[in-house]
There are 2 protein chains.
Amino acid sequence: MYPNWILQRAYLTPKRSALTFEGKTWNFEQMKDISVQRAYQLSSLGIEENSRIAIIGRSRPNLIFIIYACMHLKCEMVLLNRKLAIDELAYQIKDSEVTYVIADDEDLPLLPNDINVLKFSEVENCKGTPIQIDMEWSIDQTTSIMYTSGTTGFPKGVRQTVGNHQASALASILNIGLSEEDVWLCAVPLFHISGLSILIRSLLYGNAVKLYEKFDANGAVDDIATGRVTHMSLVAVMLERILNRLEENVLKASPKFKIILAGGGPVPKDYLLRAQKVHLPIAQTYGMTETSSQTATLSNQDAIRKLGSAGKSLFFNQIKIADADKPFVEGEILIRGPHVTPGYIGQFSEKSATIDGWLHTGDIGYLDEEGYLYVVDRRSDLIISGGENIYPAEIENVLMAHNAIREAGVCGMADETWGEVPIAFVALKNETTKESILQYCQEHLAKYKVPKNIYFVESLPRNGSNKLMRRKLKELL
Amino acid sequence: MYPNWILQRAYLTPKRSALTFEGKTWNFEQMKDISVQRAYQLSSLGIEENSRIAIIGRSRPNLIFIIYACMHLKCEMVLLNRKLAIDELAYQIKDSEVTYVIADDEDLPLLPNDINVLKFSEVENCKGTPIQIDMEWSIDQTTSIMYTSGTTGFPKGVRQTVGNHQASALASILNIGLSEEDVWLCAVPLFHISGLSILIRSLLYGNAVKLYEKFDANGAVDDIATGRVTHMSLVAVMLERILNRLEENVLKASPKFKIILAGGGPVPKDYLLRAQKVHLPIAQTYGMTETSSQTATLSNQDAIRKLGSAGKSLFFNQIKIADADKPFVEGEILIRGPHVTPGYIGQFSEKSATIDGWLHTGDIGYLDEEGYLYVVDRRSDLIISGGENIYPAEIENVLMAHNAIREAGVCGMADETWGEVPIAFVALKNETTKESILQYCQEHLAKYKVPKNIYFVESLPRNGSNKLMRRKLKELL
């Protein structure tokens, strides 16, 4: 059994700053008081302890209060991605069989109609009757569920337990250290593990979070240059904008600023060199929803020496390459440790996440002679666009449901701003136009998943067993 | 499953300093190489994996190499207290049923005759055949066993598991932070949890340990004033000597020095005020063998404001007072958390360490309105002398085995140097002298347990049910 993070942190350091947003600050005692009140309100409105609910909302304090309230109720929280299309959200809500979707009032238009919705305002305005809040949580209890796609194109709801989150947060300090003065800038989505893990680290570490509703390069640069924040998580596209602003304004990172954790694919060498010039330390990370954030991290000291590497595993973790008995042999990256998900929910609940305790990532990589990990190819032709994972199969499934399309293939194309963007190749069975297909995609897919271009072809490259060879798609251009 | 701490730390930061002793330094890779070699040697000499062995030795690197080697073999290590008398060691060796005692050559005279001894020199000079070293340890595996007495006077062997040690080390950083530059001065015995926990923290944190064979106030002051070390664990008697030296030499602690963890009873207010003047931050701790080191800690900021308090529980722990439903009510201190021992070995192996998950410490205390713990009375009339726990019942048992003594009672008396020392009250059945009794005690008890004085009385104070009332003993003076 482990303590309820929110109650324990409020007991230990009640007056320490917990959250700053648009000039307003809450300490840990206030976070506890508000979230406990919200738990009473949710309970009065019919949210039962240990039930599974979904949450959708903008990155604002009221979303955090609801998330913490649901933790008090030991609910399994499905954190919905606000960028998804209605069809995609409907799938997740149905698959997860949540009893309610607790939704930011602003986000109601994003949701399908035939579901139980509790608006944030309803919760906040409800009277609420006190209930007993548990002081302890079980290590196996599911805290959060996030959907991620795989080779099949059907998103799977990944469980992230109390133990997963704790192991991840603790391993991270064994890597980068901890000080009472640390302040994390959070400008990544709270519905992604990158954002949620910042909140959980804050509870365990007793550190303040400076929350941004949206990423704002000017604000971030100001915080970094003055040392108002010490840590930040980001993806390469955000780093590029920060570097631009620092360079334009001839600014450097404050000596108080400690580290940027850069996830979602490798950081280009050019960025690393520019970051050095403005004294911005960068730790590149490799992680995924199934590992509740980082599984490996490259230290800033090694950034150039081990260019392209994702670093070494964190303390509790092990990484190995399938069927590789020596360094530099490429193979599937396997991960093991207390941060690895126990499995999935919904239609994939029978599927085991691990084989003999090892998570098979589908990613291809190798370890060098010192044990540094190099990720050579992301799983299942994964496209990473501005830090968001895009699975070609998911887009292909949507395209093939179009009444004019016979077959479809999707791959990523390099893009200066986003790293990569998806493009689609389609063979028609009926006549249609590119515009009509794009319009159709916009209705069924999150904006960032809509192909940047549609190419009409006679047929798609397939192998002997008729399997689509996505890597050959670009040759059709 | 968790990684073998020694192998994982050597993989992550091979070149970082791990240990300094008398001017020589070993990095984590060297610690691994030497300890793996020692594991091969121990194995060749008949030490089996998962077997239970005892270890005795001076606080020198070769003791650490043997301890780490036994960790590689996943042995249950009974760490023997070098200050004990032969009879006391014989009891522990018999009760724990160890297959071997691995002993520093210098310590052979301390040991009884009829046991299997492996000398350090034998191990170091043996060829050693490579065996497979496990990369992973189970969380429930017993790492170490330390004997501690209770009300009965019979020392009990307390299990400290991989999970206990890890939880303790991780909770401590959530309290005091962590930085790559941290260096711990270790001048407390490695056979006590205060010393062993410094080694284990070093493996988890990746920090250097500066080891002292014996406490040396001049050396410690030099290290603290120059900032060569950042952390130190000690008991009040050591603190007093450090303060004396700092004051005599008009020195202050370096700004690089972070914190002293002071255990084994409260630190007098006078020391705290003197420490402030020489810029020496002090965190008072409350812990015991059964909690694998600290369970509560008072921060330096609170040292004066909460004078006499042992602070708040660490993050994963809970402390409550039995039958107290509000602050300031005194009662038995109960402790819960992943750092609490699963139980005992030997003749007490059937005895549960906890009731409904709570360790009943036998200590009396209360919590104030903010949840700060105050320890009012140590368990079972415990005497704490220079940081060593002395249980009156244990000394009484020895005294009553003397052929001239009819009954005996032991209590603590205030002592300027040691905090407390034991004194004995005896009623005789045959004639004898004080000198004869003291001589007898020296043969059967560790030096620090030998009563500082023996008082002859007609009878001992007993309650209605004829139980010895130790608190009334002093009234006989």
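**Note on a predicted two-chain model**

1. Seven of the nine residues of helix α11 (residues 392-400) of chain A are buried, so this helix is largely enclosed by the rest of the structure. The model is a predicted one. The buried residues of α11(A) are A:Pro392, A:Ala393, A:Glu394, A:Ile395, A:Glu396, A:Val398 and A:Leu399. What covers them? The cover includes the helices α4 and α12 (434-444) of chain A. It also includes the strands β23 (383-385), β24 (388-390), β25 (405-415) and β26 (419-428) of chain A.

2. A:Arg470 sits in the segment after β27 (454-456) of chain A. Is A:Arg470 buried or exposed? Its relative accessible area is 16%, and the cut-off for buried is under 20%, so A:Arg470 counts as buried.

3. Chain A has an open sheet of six strands, in the order β7-β6-β4-β5-β9-β10, and the pairing is mixed. Which strands form the edges? They are β7 (117-119) and β10 (156-161) of chain A, each of which pairs on one side only. From one strand to the next, the twist averages 30 degrees.

4. At one end of this order, β6 (residues 101-103) and β7 of chain A are paired in the parallel sense, over three bridges. Within this pair, A:Val101 stands opposite A:Val117 of β7(A).

5. Helix α4 (residues 86-96) of chain A lies across β4 (52-56), β5 (76-79), β6 and β9 (142-148) of chain A, and runs at about 140 degrees to β9(A). Helix α7 (residues 193-205) of chain A packs on the sheet and touches β5, β9 and β10 of chain A. The direction of α7(A) makes about 165 degrees with that of β9(A). Helix α4 of chain A is also among the elements that cover α11(A).

6. How are the two chains related?

7. At the interface, 33 residues of chain A are in contact with 33 residues of chain B. The two chains bury about 2900 Å² between them, and 56% of this is on carbon and sulfur atoms. A:Tyr11, A:Leu174 and A:Phe315 supply 24% of the area that chain A buries against chain B, more than any other three residues. Of the interface residues of chain A, 100% are also interface residues in chain B, so the copies meet through the same surface.

8. In chain B, helix α1 (residues 5-12) is mostly covered, with seven of its eight residues buried. Among them are B:Trp5, B:Ile6, B:Leu7 and B:Leu12. The N-terminal end of α1(B) is capped by B:Asn4, which has a side-chain oxygen 3.0 Å from the backbone nitrogen of B:Ile6.

9. B:Tyr374 lies in strand β22 (residues 373-377) of chain B. This residue is buried, with a relative accessible area of 13%. Apart from neighbours within four places in sequence, its contacts include B:Lys306, B:Leu307, B:Ile364 and B:Asp368. The C-alpha atoms of B:Tyr374 and B:Phe328 are separated by 9.1 Å, and the two residues are 46 residues apart along the chain.

Note on methods. Residues are numbered from 1 along each chain as its sequence is written. Chains are lettered from A and ligands numbered from 1 in the order in which they are written. This is a predicted model: local features need pLDDT of at least 70, side-chain atom pairs count only at pLDDT 80 or more; totals for chains, interfaces and linings use all residues. Side-chain values use heavy atoms; hydrogens and water are left out. Two strands pair if DSSP finds at least two bridges between them. Helices (H or I, at least four residues) and strands (E, at least two) are DSSP runs, numbered from the N terminus. Axes are lines fitted to C-alpha atoms, for helices over the stretch in contact, and angles run from 0 to 180 degrees between N-to-C directions. Contact means heavy atoms within 4.5 Å. Buried means under 20% relative accessible area, exposed over 50%, partly exposed in between (1.4 Å probe, protein chains only). Buried area is the accessible area (1.4 Å probe) that two parts lose on being put together, summed over both. A polar contact is a pair of N or O atoms within 3.5 Å; within protein, one must be able to donate a hydrogen and the other to accept it, and residues adjacent in sequence count only if both atoms are side-chain atoms.
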